[in-house]
Amino acid sequence: MSSDSIFIYSDQFTRYHFGNNHPFNQIRVKLTFDLLSSIDALSPNQIVKPRIATDTELALIHDPNYIKAVKDAGSGILPEERALNYGLGTEDTPIFQGMHDASALLVGATLTAVDYVMGGKAPHALSLGGGLHHGFRGKASGFCIYNDSAVAIKYIQQHYNARILYVDTDAHHGDGVQWSFYDDPNVCTLSIHETGRYLFPGTGNVTERGSGKGYGYCFNIPVDAFTEDESWLHAYSTAFHEIVEYFRPDVILTQNGVDSHYYDPLTHLSATMKIYREIPKLAHKLAHEYCEGRWIAVGGGGYDIWRVVPRAWSFIWLEMTDQKQKGYGEIPEKWRRLWQEKAPITLPDTWDDPENLYPSIPRKLEITEKNANTVLNALYPIRNYRK
Amino acid sequence: MIIEEIMKHDIVTLKPGNTIEDAIELLHKHKIRHIPIINDSRKIVGIVSDRDIRDASPSILFNNEHSNYLETQLINIMTKNVITGSPLDFVEEAAAIFYEYKIGCLPVERDGKLIGIVTETDLLHTLVQLTGAHQPSSHIEIKVPNRTGMLAEVANIIKKRNVNITSVLVYPDKDERYKILVFRIQTMNPTGLIADLKAADYIIKFPDIPGGLT
């Protein structure tokens, strides 16, 4: 096995683009790529170009009629009424020219990562273009057209016959992936997200635990609005440790949405960069302890694309390649000069957030206590089983 | 939505002459809690629940004294005055009946014959569907003055954003001069809409005040 982890990258990722006023913008991957380059953390032999997913691969999860509809929409020949039935042409997923190819490339990127890791060519792989966890079998939803993570999991089952632990730390519930494997005991899903009481997609309740043979292989930890770092990390660390020990996967796939940050415009969790150092650190450690290192990480949400996403995603790569020391102190002037002009806000000048990033939150004690209870409740079947 | 649309057609039944043992077997086999008792023309003559069976069973503290209780005919333990529904009842009427009589299941009759059954679980499942909580959506609560046309005004603001509404609930506020409109809307990014609603001076219940939702 080569010791080098790989970074899947193409400047074509930005073709997945819903328009300038849309919060989802794949320029994030380029911003991260440039930031990592500016600290000499990416060498050319670590960068791998993605392939495009084939229709057969997409059909591992998606309905062929839906794939056809996405193709037609991208060529401008899908009637509006039919488009809406597939969730296309909405505010969340507007139709754009060439949307099939752009979406299939993101899926192909994650499949490329899978082949490197499962084929023993790299210990870990990072596919930041992926993580589109809201995509459904026959419907686009929540900025996602094809669900790269769900396709990748089915692909791993088919080609490598492995048991997969999927860990989703996006602020939104990983519904598309969860429902794809809801009755499958060989895929275990864990999603930690802001409660769906108000936030999209509304699902991801603790009581969603899987069905049939898959019962007990689906875990949801909906944390309260204004959770903050400490309580969030307690939930993450407790759940991840216990679930990996219980399920004993062959490979870990992590979805790294970075929209729980205080700056994120769509959510209300009030986390800081601190959790984005810790998330990949634990995934890395547990992948070595349980899966001989096999760890595939994908991107996901993240709507403060200038201040939060590039730093948070860089931490994943720095963790993966044991270069964490490069992610402290000041952000290189070089990167800030390169992008400041295009950014509508001031780019961050340090890797960590300033102390007192936001005013202190009342009722912290109650929120922390409630989250700890939610964790207990989510892990109840495991603890019951261990007795 | 009417009962006919949510009731189960495939019903497990017994006759008054069947025994407690028969009932126990069926309750276990089908994992159910109620068995309607019908006569030869499918008219409902009684109902037996798992509780009726338990009440009729000897205490576990007394061994072997009443082992022949299993042979007791259901006619002796069934509830005879059965509350039934019609296939044309509204779902919310059925919910009111469940609540009012504290029952767990409602057999449905047409022309004096049993044609379906609705349980508490079916009803809850239907309510989940009616609220739209099972579909990907964001949830917004809006406090509006209790007067004509408010729903239309708010819906119009939503329409301008080209966002599809998954479900709407209207319920009274604690303060009777107001009502709460609950919308589930099919978008992951309600920020623009919330800004529009705030600009139009609506009071939004959404997590934007640290520590508490007003």
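This is a predicted model: local features need pLDDT of at least 70, side-chain atom pairs count only at pLDDT 80 or more; totals for chains, interfaces and linings use all residues.
**Entry 1. Interface of chains A and B**

I began with the contact between the two chains. I found 26 residues of chain B in contact with 28 residues of chain A. The area buried between chain B and chain A came to about 2,100 Å², and carbon and sulfur atoms give 61% of this area. I noted that strand β5 (residues 138-145) of chain B supplies the largest share of the side of chain B that touches chain A, with 3 residues. By class, I recorded 9 nonpolar, 12 polar and 5 charged residues on the side of chain B that touches chain A.

I then looked up the polar terms. I counted 5 residue pairs in polar contact between chain B and chain A, both residues at pLDDT 80 or more. For salt bridges across the interface of chain B and chain A, the rule returned 0.

**Entry 2**

From β5(B) I moved to its pairing with β7(B), which is antiparallel and runs over 8 bridges. Within this pairing I located Tyr178(B) of β7(B) as the bridge partner of Pro145(B).

I next examined strand β6 (residues 165-172) of chain B, which is joined to β7(B) by 7 bridges and runs antiparallel to it. Here Pro172(B) stands opposite Lys179(B) of β7(B).

I asked why strand β7 (residues 178-185) of chain B is largely enclosed by the rest of the structure. The reason I recorded is that 6 of its 8 residues are buried.

**Entry 3. Strand β7 of chain A**

I turned to strand β7 (residues 251-255) of chain A and found 5 of its 5 residues buried. Val251(A), Leu253(A) and Gln255(A) point one way from β7(A), while Ile252(A) and Thr254(A) point the other way.

I then traced the partners of this strand. Strand β4 (residues 164-168) of chain A pairs with β7(A) in the parallel sense over 5 bridges, and Leu165(A) stands opposite Ile252(A). Strand β8 (residues 295-298) of chain A also runs parallel to β7(A), joined by 4 bridges. In β8(A), Ile296(A) is the bridge partner of Leu253(A).

**Entry 4. Salt bridges**

I looked up several in chain A.

The side chains of Asp224(A) and Lys370(A) meet at 3.0 Å, N to O. This pair links distant parts of the chain, 146 residues apart: Asp224(A) lies in the loop between β6 (218-223) and α8 (228-247) of chain A, and Lys370(A) lies in helix α12 (residues 364-386) of chain A. Asp224(A) is buried because its relative accessible area is 12%, whereas Lys370(A), at 39%, counts as partly exposed.

The salt bridge of Arg336(A) with Glu333(A) has its closest N and O atoms 3.7 Å apart. I noted that the two residues are 3 residues apart in helix α11 (residues 333-340) of chain A, so about one helical turn separates Arg336(A) and Glu333(A). Arg336(A) is buried at 18% relative accessible area, and Glu333(A) is partly exposed at 43%.

Glu366(A) and Arg363(A) form a salt bridge at 3.1 Å, N to O. Glu366(A) is partly exposed at 42%, and Arg363(A) is partly exposed at 47%.

Lastly, I recorded a network of salt bridges that links Arg51(A), Glu57(A) and Asp115(A).

Note on methods. Residues are numbered from 1 along each chain as its sequence is written. Chains are lettered from A and ligands numbered from 1 in the order in which they are written. Side-chain values use heavy atoms; hydrogens and water are left out. Contact means heavy atoms within 4.5 Å. Buried area is the accessible area (1.4 Å probe) that two parts lose on being put together, summed over both. A salt bridge is a side-chain nitrogen of Lys or Arg within 4 Å of a carboxyl oxygen of Asp or Glu. A polar contact is a pair of N or O atoms within 3.5 Å; within protein, one must be able to donate a hydrogen and the other to accept it, and residues adjacent in sequence count only if both atoms are side-chain atoms. Ala, Val, Leu, Ile, Met, Phe, Trp, Tyr, Cys and Pro count as nonpolar, Asp, Glu, Lys and Arg as charged, and the others, Gly among them, as polar. Buried means under 20% relative accessible area, exposed over 50%, partly exposed in between (1.4 Å probe, protein chains only). Two strands pair if DSSP finds at least two bridges between them.
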